Amino acid sequence: MAIINCKKCGKMFSPFGDQKICQACKDALEEKYQEVKRYVDEHKVATMTQICEDCEVDQKQVQQWVREERLIFADNSQIKFNCEHCGAVINTGRFCEKCKKAQADVFGNAFQRKAAPTLDVASKASGVRMHTFKN
């Protein structure tokens, strides 16, 4: 069982998966997220600077929540982000709807499989069977 230091507080803990922060810091971060979300809902035209100062949160953390699509800004908000693929203006996430659809189509086509091969069973007089695949 691995033991690592929390990236936020430095305490030692046993991580689950690729977890980098301890449960106490994770809980505190979730509380901060809820605070920021309420603030953004109440102050729809607040700037990034206002949000970070009033909620005492780092701008990088706010941007992380936006990339994860957990935090969404109103259409009339001053805060805008650009699609990482085409540069279109977006309110949340990493990609615009057009690029998301294009990527989904590409991934969908990549994972489409040919029809499964059928199993042909040939019987010999001796009772031995041989299985071959036909396409």
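What share of the 135 residues of the chain count as buried? The share is 24%, where buried means under 20% relative accessible area, exposed over 50%, and partly exposed in between (1.4 Å probe, protein chains only).

## Basis of the model

This is a predicted model, in which local features need pLDDT of at least 70, side-chain atom pairs count only at pLDDT 80 or more, and totals for chains, interfaces and linings use all residues. Residues are numbered from 1 along each chain as its sequence is written, and side-chain values use heavy atoms, with hydrogens and water left out.

## The chain as a whole

The chain has four helices and six strands. Helices (H or I, at least four residues) and strands (E, at least two) are DSSP runs, numbered from the N terminus. Along the sequence their order is β-β-α-α-α-β-β-α-β-β.

Among contacts (heavy atoms within 4.5 Å) with a separation of 6 or more, 22% join residues 24 or more positions apart.

## The start of the chain

Ala-2 lies in the segment before β1 (4-5). Leaving aside neighbours within four places in sequence, Ala-2 is in contact with Phe-13, Ser-14 and Pro-15. Between Ala-2 and Phe-16 there are 9.4 Å in space, C-alpha to C-alpha, and the two are 14 residues apart in sequence.

Gln-19 sits in the loop between β2 (12-13) and α1. Is Gln-19 buried or exposed? Gln-19 counts as buried because its relative accessible area is 17%. With neighbours within four places set aside, Gln-19 is in contact with Ile-4, Phe-13 and Lys-26.

## The largest pocket

The largest pocket holds about 300 Å³ of space. On a 1 Å grid over the protein atoms alone, a pocket is an open set of points where a 1.4 Å probe fits, with protein on both sides within 12 Å along at least five of seven lines; lining residues have an atom within 4 Å of a point. Grid points are joined across faces, edges and corners, and the volume is the space filled by probe spheres set on the points.

α1 (23-42) and α3 each supply at least two residues of the lining. The lining includes Lys-8, Ile-21, Lys-26, Tyr-33, Trp-65 and Arg-70. By type, the lining residues divide into four nonpolar, two polar and six charged. Here Ala, Val, Leu, Ile, Met, Phe, Trp, Tyr, Cys and Pro count as nonpolar, Asp, Glu, Lys and Arg as charged, and the others, Gly among them, as polar.

## Loops on either side of α3

Glu-56 lies in the loop between α2 (48-55) and α3. Its phi is positive, about 50°, although Glu-56 is not a glycine. Glu-56 is exposed, because its relative accessible area is 67%.

The loop between α3 and β3 holds Glu-69, another residue other than glycine with a positive phi, near 60°. Glu-69 is partly exposed, with a relative accessible area of 37%. Ser-77 is also found in the loop between α3 (59-67) and β3 (81-82), and is buried at 6% relative accessible area. A polar atom of the Ser-77 side chain lies 3.0 Å from the backbone nitrogen of Ile-79. Apart from neighbours within four places in sequence, Ser-77 is in contact with Lys-44 and Ala-46.

Terms used:
A polar contact is a pair of N or O atoms within 3.5 Å; within protein, one must be able to donate a hydrogen and the other to accept it, and residues adjacent in sequence count only if both atoms are side-chain atoms.
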